[in-house]
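Let's take a walk through this model together, going from the overall make-up down to single residues. Keep the viewer open as you read.

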Amino acid sequence: ISQYSPPVGTTYSVYLQALLDTTCHFTMNCNVGLPTFATAKFSYSGVCINTPVFFYDSSTVTSGGSIISYNWNFGDPGSGPNNLSYMQNPSHIFTAYGTYTIQLIATSNTNCSDTITKLVVVSENILDTSNTRKIICEGESATLSLSGANTYTWSSKETTSSITVTPSVTTSYTITATFNWGCTVTCTAII
């Protein structure tokens, strides 16, 4: 009897012949090998409401194998049939704020599957806009400020969360605020 452990994902033909006595022979030919195993992995980017969130597969398999199917569930049953995808690198649009459980099942060419789940938080873009409408007299100044974002860009080119303005006529000031998860919100203040 001989023993051999083939590398994972490799198939060998094995021929076995047994001589039971001088008149009886037994012969068998079969394929032997170990399956390829999948390890499901993914990353994502751009978690903003009403905007595509992109999912990137990075699943791996043992030597000699390949991933042959992807089964995504975005944990968003309200999106109907769009809650599922069978693409390698899909996108999904979340239309409500909340925490979603994303699941990927990756299957190898020997039908071995692995499942991974991750939580994705779709946060509300919250800005304090309590002072975006001001009435001032000519020659007076007004301070416009917003809070809650990571970066700010005003139409007047300032990049701080607040600016002081002294317009001589009614003027609109627009700010674009960017949050740490990549979403942007634009607000306009009229002075």
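Predicted model: local features only at pLDDT ≥ 70, side-chain atom pairs only at ≥ 80, totals over all residues.

Residues are numbered from 1 along each chain as its sequence is written, and side-chain values use heavy atoms, with hydrogens and water left out.

On confidence, pLDDT is the predictor's own score for each residue, from 0 to 100. The protein chain averages 79, with 74% of its residues at 70 or more.

You'll find zero helices here and 16 strands. Of the 191 residues, 28% count as buried, that is, under 20% relative accessible area; over 50% is exposed and anything in between is partly exposed, with a 1.4 Å probe and protein chains only. As for contacts (heavy atoms within 4.5 Å), residues 24 or more positions apart make up 46% of those with a separation of 6 or more.

Now find the open sheet, where four strands run in the order E8-E7-E10-E11 with antiparallel pairing. E8 (84-85) and E11 (113-122) each have a single partner strand, so they stand at the edges with one side left without a neighbour in the sheet. Strands count as paired if DSSP finds at least two bridges between them. E7 (residues 67-73) pairs with E8 over two bridges: Asn73 has Leu84 as its bridge partner, and Trp72 stands opposite Ser85. On to E10, which E7 meets over six bridges; there, Asn71 is partnered with Ile105.

The structure holds seven aromatic pairs, where rings of Phe, Tyr and Trp (its six-membered ring) pair if their centres lie within 6.5 Å; planes under 30 degrees apart are stacked, over 60 edge-to-face, and the rest tilted. Take Phe55 and Phe74: their ring centres are 5.2 Å apart and their planes at 40 degrees, so the pair is tilted. Phe55 lies in strand E5 (residues 52-57) and Phe74 in the loop between E7 and E8, so the pair ties together parts 19 residues apart in sequence. Phe55 is buried at 0% relative accessible area, and Phe74 is buried too, at 1%. Over the face of Phe42 you'll see Lys118, at 4.8 Å from the ring centre; a charge sits over a ring if NZ of Lys or CZ of Arg is within 6 Å of the centre and within 35 degrees of the ring normal.

Finally, the two serines. Ser108 is in strand E10 (residues 98-108) and is buried, at 0% relative accessibility. Leaving aside neighbours within four places in sequence, Ser108 touches Thr36, Ala38, Val61, Ser66, Ile67 and Ile68. Ser145, in strand E12 (residues 142-145), is partly exposed at 27%. From Ser145 to Thr160 there are 15 residues in sequence and 8.6 Å in space, C-alpha to C-alpha.
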